[in-house]
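Here is a quick tour for anyone meeting this structure for the first time. Have a look at it first, and then we'll walk through a few of its features.

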Amino acid sequence: NSSALSPSFLLASIPGLEASQGWLSLLLCCAYLVAVTGNSSVLVVVRLEPTLHTPMYLLLCMLAATDLALATCTVPRALCSYWLQARDISFGACLLQMFLIHSLSAVESSVLLAMAVDRYVAICHPLRHAAVLTNASTASLGLLAVARAVLFFLPLPLLLLPLPFCGPWGLSHSFCLHQDVMNLACGSTTPSMVYGLTAILLVMGLDALLICLSYSLILRAVLRLAAWQDRLRAFGTCVAHGCVVLAFYVPLIGLSVVHRFGRDLPPMVHVTMGFIYVLMPAVLNPIIYGVRTKQIRRRI
């Protein structure tokens, strides 16, 4: 059977609401437009305002570009499946989308870690901040984040490539994720499963631990300040980044828990968690930084 050699998967619809999914997908489309508008606005504002050409705002641009790419490689294809009933996705396109989703998530995790380090140096070692974090070193961190994401997550589709897929072909989400595609294989998936878990722990897991470490050091330094006004000012510089970290890691953990323990949950839960994972950071991040950052808010 040639389909076993080159399968075609079915993207998930909105379970139980297929008759109304055209209207419900308008909400998804609106969320995507908000994400595109917000992140594009951040990129344009930083590009046009010379005073914002600093490491902090360059990292913010990297975050916005990553969110924009992650939302764009998932939501438009899902909307096509809802509005045009084009649910089929080829094996190669599915593997490419899967690689983009996981690698872009790894880049975003790395950027959040770099932003945490930036806050740590700015608060705990303010006199060394300008020397440690320059525009050149920030650009190098961005390139390193991309290289690490490709290095760790390129093997994911390569490990799935030789596996046989004998059916069923239906995915749990409206886009391709590694564990979702891996569960459809009828061969041994142990190497793919072990490597996928290892890559997640070494990238997102390690980044989360280092972010927690940096904030514990920041908290210790802030509590040593004598004046409450100084403490509140120092905490205020970290509020936006803390909210962005939660907006990324909470959906990531929730989606992982649903994949691991939620096989008996309604399909609607899987679809909803998938869209929260790819869209929540992209929608919330520009709003958070637009509200908290006077320079961006005034320029907009």
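## The cavity

Let's start with what surrounds the largest cavity: its lining has six nonpolar residues, two polar ones and one charged one. Keep in mind that this is a predicted model. The residues around that space are Asn39, Val42, Leu60, Leu63, Ala64, Asp67, Asn285, Pro286 and Tyr289. Helix H2 (21–48), helix H3 (55–72) and helix H12 (267–292) are the elements that each give two or more residues to this lining. H3 has the largest share, with four residues.

How much space lies in the largest cavity? About 30 Å³. The structure holds one cavity of 30 Å³ or more.

## The disulfide

Now for the cysteines. A disulfide is a covalent bond between the sulfur atoms of two cysteines. The count here comes to one, and it joins Cys94 to Cys176, with 2.0 Å from S to S. The angle about the S-S bond is -120 degrees, and the link of Cys94 and Cys176 is left-handed.

Which parts of the chain does the pair tie together? Cys94 sits in helix H5 (residues 91–124), while Cys176 belongs to the loop between helix H8 (155–160) and helix H9 (178–182), so the bond ties together parts that are 82 residues apart in sequence. Are the two partners buried or exposed? Cys94 counts as buried because its relative accessibility is 1%, under the 20% cut-off. Cys176 is buried too, at 0%.

## Cysteines without a partner

Cys80 is in no disulfide: the nearest cysteine sulfur, in Cys29, is 11 Å away. With a relative accessible area of 33%, Cys80 is partly exposed.

The protein chain has a mean pLDDT of 86, and 94% of its residues reach 70 or more. Where is confidence lowest, and where is it highest? The lowest mean, 45, belongs to helix H1 (residues 2–5), and the highest, 94, to helix H7 (residues 135–153). Where pLDDT is low, the predicted coordinates should not be read in detail.

Technical notes. Residues numbered from 1 in each chain as written. Predicted model: local features only at pLDDT ≥ 70, side-chain atom pairs only at ≥ 80, totals over all residues. Heavy atoms only, no water. pLDDT = per-residue confidence, 0-100. 1 Å grid on protein atoms, 1.4 Å probe; cavity = no way out; pocket = protein on both sides within 12 Å on 5 of 7 lines; lining within 4 Å. Points joined across faces, edges and corners; volume = space filled by probe spheres on them. Nonpolar A, V, L, I, M, F, W, Y, C, P; charged D, E, K, R; others polar. Disulfide = S-S within 2.5 Å. Buried < 20%, exposed > 50% of the residue type's maximum accessible area, 1.4 Å probe, protein only.
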